[in-house]
Amino acid sequence: AMCATMAQARVTHYDVTRDDRSLILVREPFGFARGGMVRIALREPRIYVPEHAAPPDKSKFGFVLTAGRDEGALDAALADGACVLDVDFVTQTFTFADMQLENGERDVRAFEFTQNITVPGDYMLFFANCEPHTVVSFGITTTFANVDSSGRLDYLGRGEKSLPSVY
């Protein structure tokens, strides 16, 4: 199950606990301008497999960005049994296979990923689990932002800025 623990501006914190869904919506659509930024901070990612099962393929667990207009195509791909990480209309950010152990850790404790947006639009972030009979747990903090003309982060999506008043 996924539960929101805090949302402030366009920074959100969620905990996903022993969830077996193949697709989890992590972030609702956000309007990015060119140069916008996605930052993902993952905490304590875990994969649980049935007893005596082979180790999971960590490249089958990951995060994707997709345009809001592609939500129907995403549903159709899932209905056809496709792994969302493999469809051509999503942008894969990273998979659990990209996370490296540090200094003799047994499990990855944390992982951070940042991506700049080059094509403006409304994007959603999903977590995809393409390995049957597995469940996942992790904490996640996401930051979605545009960059204003002075280089500061602007947490308002494209189209959410207030227009100047005319008197």
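**Chatting through contacts and bonds**

Reader: Let's start with Asp-148: what's its relative accessible area, and how does that class it?

Author: Asp-148 has a relative accessible area of 23%, so it counts as partly exposed. Keep in mind that this is a predicted model.

Reader: Okay. Which residue does Asp-148 form a salt bridge with?

Author: That would be Arg-152, and the closest N and O atoms of the two are 3.5 Å apart. Arg-152 itself is exposed, at 55% relative accessible area.

Reader: Why would two side chains like that pair up at all?

Author: Opposite charges can pair when the charged atoms come close.

Reader: And how many salt bridges does the count come to?

Author: Five. One of them joins the side chains of Arg-43 and Asp-15, at 3.4 Å from N to O. Arg-43 sits in strand E4 and Asp-15 in strand E2 (residues 11–19), so this pair ties together parts that are 28 residues apart in sequence.

Reader: Is Arg-43 buried, partly exposed or exposed? And what about Asp-15?

Author: Arg-43 is partly exposed, with 34% relative accessibility. Asp-15 is partly exposed too, at 28%.

Reader: What does Asp-19 do?

Author: Asp-19 forms a salt bridge with Arg-21, and their closest N and O atoms are 2.7 Å apart. With a relative accessibility of 4%, Asp-19 counts as buried, while Arg-21 is partly exposed at 38%.

Reader: New topic. How many disulfides does the structure hold?

Author: One. Cys-83 and Cys-130 form it, with their sulfur atoms 2.0 Å apart. Such a link is a covalent bond between the sulfur atoms of two cysteines.

Reader: Which hand does the disulfide of Cys-83 and Cys-130 have, right or left?

Author: The torsion about the S-S bond of Cys-83 and Cys-130 is about 85°, so the disulfide is right-handed. Cys-83 is in the loop between helix H1 (71–79) and strand E6 (91–95), and Cys-130 is in the loop between strand E8 (121–129) and strand E9 (135–147), so the pair ties together parts 47 residues apart in sequence.

Reader: Are those cysteines buried or exposed?

Author: Cys-83 is buried, at 13% relative accessible area. Cys-130 has 22% relative accessibility and counts as partly exposed.

Reader: Now the rings. How many aromatic pairs are there?

Author: Twelve. Among them, Phe-30 and Phe-144 pair edge-to-face, 5.9 Å centre to centre with 70° between the planes. Phe-30 lies in strand E3 (residues 23–32) and Phe-144 in strand E9, so that pair ties together parts 114 residues apart in sequence.

Reader: Where's the charged end of Arg-27?

Author: It sits over the ring of Phe-144, 4.1 Å from the ring's centre. Phe-144 is buried, at 0% relative accessibility. Arg-18 has its charged end over the ring of Tyr-48, 3.7 Å from the centre.

Reader: Which residues do ring pairs link into a cluster?

Author: Phe-61, Phe-63, Phe-94, Phe-96, Phe-111, Phe-113, Phe-127 and Phe-138. Phe-94 and Phe-111 are both buried.

Reader: Is His-52 buried or exposed?

Author: His-52 is exposed, with a relative accessible area of 77%. Glu-44 counts as partly exposed, at 38%.

Note on methods:
Residues numbered from 1 in each chain as written. Predicted model: local features only at pLDDT ≥ 70, side-chain atom pairs only at ≥ 80, totals over all residues. Heavy atoms only, no water. Buried < 20%, exposed > 50% of the residue type's maximum accessible area, 1.4 Å probe, protein only. Disulfide = S-S within 2.5 Å. Helix = DSSP H or I, 4+ residues; strand = E, 2+ residues; numbered from the N terminus. Phe/Tyr/Trp six-rings, centres within 6.5 Å; stacked < 30°, edge-to-face > 60°. Lys NZ or Arg CZ within 6 Å of the ring centre and 35° of its normal. Salt bridge = Lys/Arg side-chain N within 4 Å of Asp/Glu carboxyl O.
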